[in-house]
Amino acid sequence: MVTRDDLESFLIRMDLDFDEVDDGMFLVHPQNDGPPVVVHHSPPLLIARLKVMTIPQGRDLGELYENLLIWNATDVVHGAYGIEEEDLVLTDTLELGFPELQASLESMQMAAASHYDKIKSLAGTGQEG
């Protein structure tokens, strides 16, 4: 079974900047200016979570939710968009191994970056770019 130390060595091997915020829970900072990903080692699984934004209140978000569902089915290779309390998040759960972790983190960051402007526009909190 892959250990917490294995996970840490995977993050080092990927040359990622990270902080261990709790035992087996890492805050991984992307190499670009994107949002950090929380990676939690919960044997035998790894849970990765990226907060995209706080969901605005008092707005019709039907088109946003429709787009998120479409992206879950077509664009998001690893994980899915979801709602956790007041936040729009991108999450993935996978068996722990170096190639799986690398593919998951890259996919999540790419999906969030490519969808971010559209999400902000549909949420009414920014301009689509």
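Buried means under 20% relative accessible area, exposed over 50% and partly exposed in between, with a 1.4 Å probe and protein chains only. The model is predicted: local features need pLDDT of at least 70, side-chain atom pairs count only at pLDDT 80 or more, and totals for chains, interfaces and linings use all residues. Residues are numbered from 1 along each chain as its sequence is written, and side-chain values use heavy atoms, with hydrogens and water left out.

**View A. The aromatic pair of Phe18 and Phe26.** The structure holds 2 aromatic pairs. The ring centres of Phe18 and Phe26 are 5.6 Å apart and their planes are at 75°, so this pair is edge-to-face. Rings of Phe, Tyr and Trp (its six-membered ring) pair if their centres lie within 6.5 Å; planes under 30 degrees apart count as stacked, over 60 as edge-to-face and the rest as tilted. Phe18 is buried at 17% relative accessible area, and Phe26 is buried at 0%.

**View B. The tilted pair of Trp71 and Tyr81.** The centre-to-centre separation is 6.2 Å, with 50° between the planes. Trp71 lies in helix H2 (residues 62–74) and Tyr81 in strand E5 (residues 80–84), so the pair ties together parts 10 residues apart in sequence. Helices (H or I, at least four residues) and strands (E, at least two) are DSSP runs, numbered from the N terminus. Trp71 is buried at 10% relative accessibility, as is Tyr81 at 8%.

**View C. Contacts of Leu105.** Leaving out residues up to four places away in sequence, Leu105 touches Leu11, Met14, Leu16, Val37, Val39 and Ala48. Contact means heavy atoms within 4.5 Å.
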